[in-house]
Amino acid sequence: MSEELKFHFDVDGDDFTSAGKASVQVKKNLRQLGLSPETIRRVSIAMYEGEINMVIHAGGGEADVTVTEDCIEIFLHDTGPGIKDIDQAMQEGFSTASDNIRSLGFGAGMGLPNMKRYTDYMDIKSTVGVGTDITMRVNI
């Protein structure tokens, strides 16, 4: 692949049934590019976790994926409430999800830890009352 490919997705924050559509589309795109199943799996998991977090906590957002010869970069942006304590939010099992969200099977507190686990690089910038930007990279 000589030039980078870019994909943009709007993540609807009002519809749990559409959560994950972007990660499914990215998975299809990466398969068409002939990337390894392990790379595709890692990107898909990280992207899905990010989408679900945007739906649960931020009312949706945007996801941009850039594919180069060396890596796949995922940039997530939302204008939700922001993350008050990023270190705490990174702890497995920590969640601010409501009981209603938990009753749907979400909010176990594994989203951010899984995003970090399945990527080679992750950076979170968040401002309370403004929103959150997350950059993740999976090396090819």
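Mentor: Let's start with one term: a salt bridge here is a side-chain nitrogen of Lys or Arg within 4 Å of a carboxyl oxygen of Asp or Glu. Also keep in mind that this is a predicted model.

Trainee: Got it. How many salt bridges does that rule give?

Mentor: The count comes to six salt bridges. One of them joins the side chains of E4 and K6, with 3.4 Å from N to O.

Trainee: Is E4 buried, partly exposed or exposed?

Mentor: E4 has 40% relative accessibility, so it counts as partly exposed.

Trainee: Okay, another pair. What does the side chain of D120 meet in a salt bridge?

Mentor: The side chain of D120 meets that of R42, at 3.1 Å from N to O. D120 sits in the loop between α5 (111–117) and β4 (121–127) while R42 belongs to helix α2, so this pair ties together parts that are 78 residues apart in sequence.

Trainee: And how covered are those two? Let's take R42 first: buried or exposed?

Mentor: R42 is buried, because its relative accessible area is 15% and the cut-off for buried is under 20%. D120 is partly exposed, at 42% relative accessibility.

Trainee: What else does R42 touch, leaving out residues up to four places away in sequence?

Mentor: Besides D120, R42 touches Y118, T119, V138 and N139.

Trainee: Which residue pairs with E73 in a salt bridge?

Mentor: That would be R137, with 3.2 Å from N to O. The pair links distant parts of the chain, since E73 is in strand β3 (residues 71–78) and R137 is in strand β5 (residues 131–139), 64 residues apart. E73 is partly exposed, with a relative accessible area of 28%, and R137 is partly exposed as well, at 26%.

Trainee: You keep mentioning strands. In what order do they sit in the sheet?

Mentor: The order is β1-β2-β3-β5-β4, in an open sheet of five strands with antiparallel pairing.

Trainee: Which strands stand at the edges?

Mentor: β1 and β4 do. Each has a single partner strand, so one side of each is left without a neighbour in the sheet. From one strand to the next, the twist averages 10°.

Trainee: Can we walk through the pairs? How many bridges are there between β1 and β2?

Mentor: Strand β1 (residues 5–12) and β2 pair over eight bridges, in the antiparallel sense. To find your way in the picture, look for H8, which stands opposite D64 in β2.

Trainee: And how many between β2 and β3?

Mentor: Six bridges, again antiparallel. Those two strands form a hairpin with three residues between them, and V67 stands opposite I72 in β3.

Trainee: What about β4, how many bridges join it to β5?

Mentor: Seven bridges join β4 to β5, and the two run antiparallel. There, Y121 stands opposite R137 in β5, which is the R137 that meets E73 in a salt bridge.

Trainee: Now the helices. Which strands does α2 lie across?

Mentor: α2 lies across β1, β2, β3 and β5, and runs at about 5° to β3. Helix α1 lies across β1, β2 and β3, running at about 160° to β1.

Trainee: How far does α2 reach from its first C-alpha to its last?

Mentor: Helix α2 (residues 37–58) has 22 residues and reaches 30 Å, close to the 32 Å expected at 1.5 Å a residue. After α2 comes G59, with a positive phi near 70°.

Trainee: Last topic, the core. How many residues has the largest nonpolar core?

Mentor: It has 31 residues, and those with the most contacts inside it are L30, M47, V65, L76, I134 and M136. At least two residues each come from β1, α1 (21–32), α2, β2, β3, α5, β4 and β5. Among these, α2 gives the most, with eight residues.

Trainee: What does L30 touch, not counting residues up to four places away in sequence?

Mentor: L30 touches L35, I40, V43, V67 and I72.

Technical notes:
Residues numbered from 1 in each chain as written. Predicted model: local features only at pLDDT ≥ 70, side-chain atom pairs only at ≥ 80, totals over all residues. Heavy atoms only, no water. Helix = DSSP H or I, 4+ residues; strand = E, 2+ residues; numbered from the N terminus. Expected span 1.5 Å × (residues − 1). Buried < 20%, exposed > 50% of the residue type's maximum accessible area, 1.4 Å probe, protein only. Pairing = 2+ DSSP bridges. Core = buried A, V, L, I, M, F, W, Y, C linked by side-chain atoms within 4.5 Å. Contact = heavy atoms within 4.5 Å. Axes fitted to C-alpha atoms, helices over the stretch in contact; angles between N-to-C directions.
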